[in-house]
Amino acid sequence: MSARNRTRSGFALMAALWLVVLVGITGYELSVRSRTRRVAVANALESVQARAAAEAGLETARAELDRRLRMPLEARTRFRIDAEVDPLGDLAFMKDDTIVLGDARVAIKVRDAGAQLQVNRASEDDLRRFLVALPLDANVADLLVQRIMDWRDADSFRRARGAERDDYLRAGARALPTNAPFRSVDELRDVDGITSEVYARMASMLSVNGPGQVNVNTAPLAVLRSLPGIGDEAANVLVRARQYGHPIRSLPELSLRLSSAARQALADATSDLNGRVIFETSQVSVETVGWVSGSPVRVAGVAIYQRSGDLLGTVLRRVGQ
């Protein structure tokens with residue numbers, strides 16, 4: 001074979017090899033695109049199923065709450081002898097659970113909205129009393145309160161022990177203050193100074209939904225202590241009364257069970273407490289998470305149901321937003 005023919009054969013071989021490479025790359029790209037489309041379609045379908053499961057969880061909870069309002073005697077237990085007065089006073093019958101819906105799953109959490117402190121409506125003093133009652137050292141509580149307030153207030157003026165945008169930037173924080181109400185309790189994780197341990201201790205007692213009224217017959221001690229005029233003695237009286245199945249039904253009734261000093265503290269705060277405390281379950285918070293078995297896609301739902309006599313209305317309902 002002549003040199004010219006060998007050169008031509010070499011070029012032909014190289015061209016063939018490049019063609020094979022090009023075909024391979026093109027095939028791989030098409031394969032990746034096809035797989036990406038398949039994954040996108042699968043995720044979209046799983047998202048629809050997860051959303052439906054989250055919505056089904058909200059409706060399941062509502063149906064059970066409706067049934068309890070219609071048949072209050074079913075709520076009677078040895079711990080709640082006044083079920084006809086407050087049929088939703090004991091939500092233990094709706095314990096946190098996961099429901100199977102074919103291939104889908106939905107986790108449901110039901111809470112008396114009045115058993116939690118509404119972090120966006122709580123005052124600086126409310127938050128300070130709450131954190132001290134956790135308990136946290138008063139100095140640490142004061143620092144955290146100022147940073148929580150700086151995060152949620154509309155301005156960029158830093159409190160004496162607070163933190164604003166520039167402080168977070170210098171610290172290389174993963175998130176910056178929104179200067180707006182907290183969108184979720186989980187957002188508190190980003191507030192400077194709130195450690196994982198502190199967050200774990202307080203998260204279940206906080207909410208970002210609801211009117212901010214506290215049900216003194218269901219709220220835990222730390223939430224009770226966040227209220228003005230409710231010291232350790234009054235809080236313990238309230239907890240003992242519910243434990244014995246005889247919840248307190250008014251501030252005057254509570255006052256009669258207190259020592260003179262505690263009674264005076266309650267009287268001094270009565271004007272602040274009126275409208276802030278309630279004595280039966282008025283609103284129920286339902287949180288759901290829907291998903292398809294084996295899928296990473298999760299869709300959350302939240303609803304606030306308002307009791308009015310034996311009727312249940314919807315104050316808030318949001319899924320996947």
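1. Asp142 is located in helix H3. In this predicted model, Asp142 is buried, with a relative accessible area of 17%; the cut-off for that term is under 20%. The side chain of Asp142 forms a polar contact of 3.0 Å with the side chain of Gln146. When residues up to four places away in sequence are not counted, Asp142 touches Arg128 and Arg161.

2. Arg147 also belongs to helix H3. With a relative accessible area of 15%, Arg147 is buried. Which side chain does Arg147 join through a polar contact of 2.6 Å? The partner is the side chain of Asp192. Neighbours within four places in sequence aside, the residues in contact with Arg147 are Arg161, Gly162, Ala163, Val191, Asp192 and Gly193.

3. Helix H3 itself covers residues 138-152, 15 residues in total. From its first C-alpha to its last, helix H3 reaches 21 Å, close to the 21 Å expected at 1.5 Å a residue. At the N-terminal end, H3 is capped by Asp137, a side-chain oxygen of which lies 2.9 Å from the backbone nitrogen of Asn139.

4. Why is H3 described as largely enclosed by the rest of the structure? Twelve of its 15 residues are buried, so the description follows from that count. Besides Asp142 and Arg147, the buried residues of H3 include Ala141, Leu143, Leu144, Val145 and Gln146. Towards the end of the helix, Ile148, Met149, Asp150, Trp151 and Arg152 are buried too. Among the elements covering the buried residues of H3 are helix H2 (124-133), helix H4 (165-171) and helix H5 (196-202).

5. A separate point concerns the sheet. Five strands form an open sheet in the order E1-E2-E7-E8-E9, and their pairing is antiparallel. Strand E1 (97-101) and strand E9 (311-319) are the edge strands, each pairing on one side only. From one strand to the next, the twist averages 25°.

6. The pairing of strand E8 with E9 may be inspected in more detail. How many bridges join strand E8 (residues 299-308) to E9? There are eight, and the two strands run antiparallel. Gly301 stands opposite Val319, a residue of E9.

How values were computed
Residues numbered from 1 in each chain as written. Predicted model: local features only at pLDDT ≥ 70, side-chain atom pairs only at ≥ 80, totals over all residues. Heavy atoms only, no water. Helix = DSSP H or I, 4+ residues; strand = E, 2+ residues; numbered from the N terminus. Expected span 1.5 Å × (residues − 1). Buried < 20%, exposed > 50% of the residue type's maximum accessible area, 1.4 Å probe, protein only. Contact = heavy atoms within 4.5 Å. Polar contact = N/O pair within 3.5 Å; in protein donor to acceptor, adjacent residues only side chain to side chain. Pairing = 2+ DSSP bridges. Axes fitted to C-alpha atoms, helices over the stretch in contact; angles between N-to-C directions.
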